[in-house]
Structure formats: C-alpha cells, structure tokens
Amino acid sequence: MSRLTRRLADHYVMAVIDAAIAGRPLVRVRGAPPPDLGYVMAAAWARVRETPGYLTEREARFIMAAIALAPADGANVEIGSFRGRSTVGLAYVARHYDLGPVIAIDPHTCPSPTDPVLREQETTFDEFLANLERAGVRDAVEPRRAYSCDVARDWRDPIRFLWIDGDHSYEGARADVRLFTPRLAPGAIVAMHDVLGTWEGTLRVFDQEVLASPDFGPAGFSGSIAWAQYRPHAGRALTRRLQHVALALPLRRLIPIAARGKAEFGQEKLIRLHGADKWAYKFWRTLIPHGLVDPPSLARALRLP
Ligand SMILES: C[S@@+](CC[C@H](N)C(=O)[O-])C[C@H]1O[C@@H](n2cnc3c(N)ncnc32)[C@H](O)[C@@H]1O
C-alpha cells in the first residue's frame with residue numbers, strides 16, 4: 001500500500017470514529033434530512049419536555065426540524081425565550097449539526113401586554129439560564145437581554161433561521177417581521193408562534209407581511225406555528241401565489257373571530273373564544289393544514305431550485 005493510500009485510509013477510519021463519537025451521519029443524501037435527525041430530535045424533545053414554557057411536542061418538533069433543515073448559512077435567532085423551552089430544543093439541534101449558537105433575544109421582563117404573567121417574579125433570566133444548564137445546552141446559546149427592536153437596529157449578519165415568539169400584538173409581531181426580514185439569507189426559514197392560537201395580531205401579521213409578500217416561497221403551519229421560507233421574488237410565481245391564497249383565505253376568516261376573543265389572565269395569558277365564535281374558529285382552522293410536519297417532506301419543500 002502506498003503512503004498516500006495509507007494516509008487516506010487512516011483519514012477515513014478517523015472520520016468514521018469521529019462521526020460515531022459525535023453521533024454525526026457519515027453520508028448524507030443531498031437535500032434529504034440527516035439520517036440521524038429522528039434520534040437527535042427525540043433526544044432534544046426529552047430535554048424540552050422537562051423545560052417549562054409554551055410549546056407543544058408537535059411545535060417543538062417543527063422548529064427543531066426547521067433549524068436543522070433550513071438550506072441557508074447565517075445566524076439562528078430566537079425572539080422571546082421566556083424560561084427557555086424553545087431555546088433548549090433549538091440549541092440542542094443546532095449544536096449537534098454545527099449550525100452555530102442560538103441568539104436568544106428577550107428582556108426577560110415579559111413587557112408586552114400579550115406576555116405571560118410573571119406575578120411577583122421580576123425576571124425570568126436566572127431561571128432561563130438555569131434551565132439551559134440543566135438541559136446541557138448553555139454553551140450553544142448566546143442570550144441577548146434586550147428588546148428585539150434594539151437588537152435589530154445594529155444587526156447586520158445574515159440569518160438562516162428566525163423564530164418569532166415575543167410580543168404577539170399586531171405592532172410587536174409586525175415590527176419583528178419587518179425589522180429582521182431584510183437580514184434573512186435566501187433559503188432561510190421564518191417561523192412565528194401562536195398564529196393559529198387565537199391571537200389576532202400574529203394572524204394579521206402572517207397574512208399581510210408573509211403570505212402577501214412576493215419574497216416568501218413555501219409556507220405552512222404546524223400546531224399554532226406559521227412558517228415560510230424566504231425566497232426573494234419566488235412569491236410572484238403563479239403556483240406559489242395560489243398556495244399562499246389557499247392558506248390566506250381561511251386564515252382571514254379567523255382574524256375577526258380572534259379579535260372578539262377575551263383576554264384571560266392566568267399564569268399563561270390566553271385569548272378565550274366563546275359560543276359560536278369557538279366553533280367558527282375551529283371550523284375555519286380545520287381548513288388550514290397544521291398537523292405534524294415530517295422532516296423528509298419539509299426537506300423536500302425547502303429544497304432550493
Ligand atoms: C410566549 S413567551 C416565549 C415562550 C418561549 N419561546 C417558550 O418556548 O416557552 C414571550 C416572551 O417574549 C418576550 N418578549 C416580549 N416582547 C419582546 C420583545 N419586544 N423582544 C424580545 N422579547 C420579547 C417576553 O419577555 C416573554 O419572555
């Protein structure tokens with residue numbers, strides 16, 4: 001065996017050992033999810049489940065798949081971390097695939113009128129850090145204890161994954177989309193929480209700023225999450241317009257119903273619907289597919305032309 005062949009063979013054996021230790025796949029089919037994504041998401045979910053906050057398993061699985069599969073380079077940004085439930089899932093997956101840290105933006109004072117209620121607690125910051133430590137992902141998160149608009153002012157880097165779960169008011173959610181969209185890299189994913197969750201503001205913002213924009217391509221829902229892929233000008237194509245309109249039509253029926261909802265304050269702040277509104281909301285929402293998204297179909301949808 002020549003020296004070169006021996007060195008290549010050594011290299012290969014080391015790569016196999018490295019990948020096995022790190023749990024990384026050695027072979028990846030272009031455009032397909034990494035073969036170990038299912039295991040990684042299961043391990044991440046085990047940590048998310050133990051972290052307090054507001055995210056169902058279906059939603060956690062969606063954002064974890066999305067951060068892994070977004071076909072773009074750049075930063076991973078979270079707006080609204082609270083006690084760290086979504087942060088834990090995102091950070092676990094991002095670190096496993098070497099996708100960079102999660103920039104977790106939150107003043108940790110629950111400042112908006114749509115926020116969870118902190119009661120006598122002044123801040124969630126210490127609890128947030130403790131939850132990241134407990135989940136073993138502290139090193140994969142860069143906390144920014146600030147309002148999203150203040151971070152956006154100096155932000156210049158491209159973004160590959162943007163998770164919006166901060167101020168759910170119309171003005172707040174619209175500012176987040178408008179301020180950060182110019183920083184999205186082509187192929188990036190923007191995902192907004194609580195759009196199908198009876199918040200009038202987030203519903204209107206997703207309709208007006210994302211579905212009506214020519215700069216978003218594939219779009220959909222999972223649980224209450226609405227997501228879209230940033231593809232400048234792709235939204236002008238007829239098939240894409242039709243897809244956006246098919247989502248927007250039932251979505252728009254939800255907006256006036258959500259606007260009549262009554263805010264109820266508990267540990268969690270909820271908008272409750274009553275009587276006929278409750279049933280009407282359910283009816284229109286069934287016309288919007290929002291089930292569990294499986295990673296292979298998401299990867300196919302996100303593949304860039
Ligand atoms: C619904 S909670 C986030 C839940 C969290 N993602 C989870 O998985 O449990 C909303 C959070 O957004 C934060 N927030 C509100 N307005 C904000 C803003 N303008 N910029 C950044 N964070 C904001 C609040 O402090 C609160 O912690």
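Two strands are taken to pair if DSSP finds at least two bridges between them, where strands (E, at least two residues) and helices (H or I, at least four) are DSSP runs numbered from the N terminus. The model is a predicted one, in which local features need pLDDT of at least 70 and side-chain atom pairs count only at pLDDT 80 or more, whereas totals for chains, interfaces and linings use all residues. Residues are numbered from 1 along each chain as its sequence is written.

On this basis, strands E6 and E7 pair in the antiparallel sense over five bridges, with Ala219 standing opposite Ala228 in E7. The two strands form a hairpin with two residues between them, and Gly223 in the turn has a positive phi of about 60°. A residue is called buried if 20 or more other C-beta atoms, placed from the backbone, lie within 10 Å of its own, exposed if 12 or fewer do, and partly exposed in between; by this criterion six of the seven residues of E6 are buried.

Helix H8 (residues 200-211) is likewise mostly covered, with 11 of its 12 residues buried, among them Leu203, Val205, Phe206, Val210 and Leu211. Its buried residues pack against helix H7 (170-180), strand E5 (184-192), strand E6 (216-222), strand E7 (225-230) and helix H9 (238-259), contact being assigned if the C-beta atoms of two residues, placed from the backbone, lie within 7 Å. The end C-alpha atoms of H8 are 16 Å apart, which agrees with the 16 Å that its 12 residues should span, the expected value being 1.5 Å times one less than the number of residues.

In helix H5 (residues 125-135), the buried residues are Phe128, Asn131, Leu132 and Ala135. Seen down the axis of H5, these residues fall within an arc of 100°, so they line one face of the helix, the arc being that of the directions from the helix axis to the C-beta atoms. The exposed residues Asp126 and Glu133 are carried on the face turned away from the buried side of H5, while the cover over its buried residues includes helix H2 (37-49), helix H4 (85-96) and strand E3 (141-144). Gly136, which follows H5, has a positive phi, near 75°.

Taken as a whole, the protein chain has 11 helices and nine strands, and 41% of its 305 residues count as buried. Of the contacts in the chain with a separation of 6 or more, 74% are accounted for by residues 24 or more positions apart.
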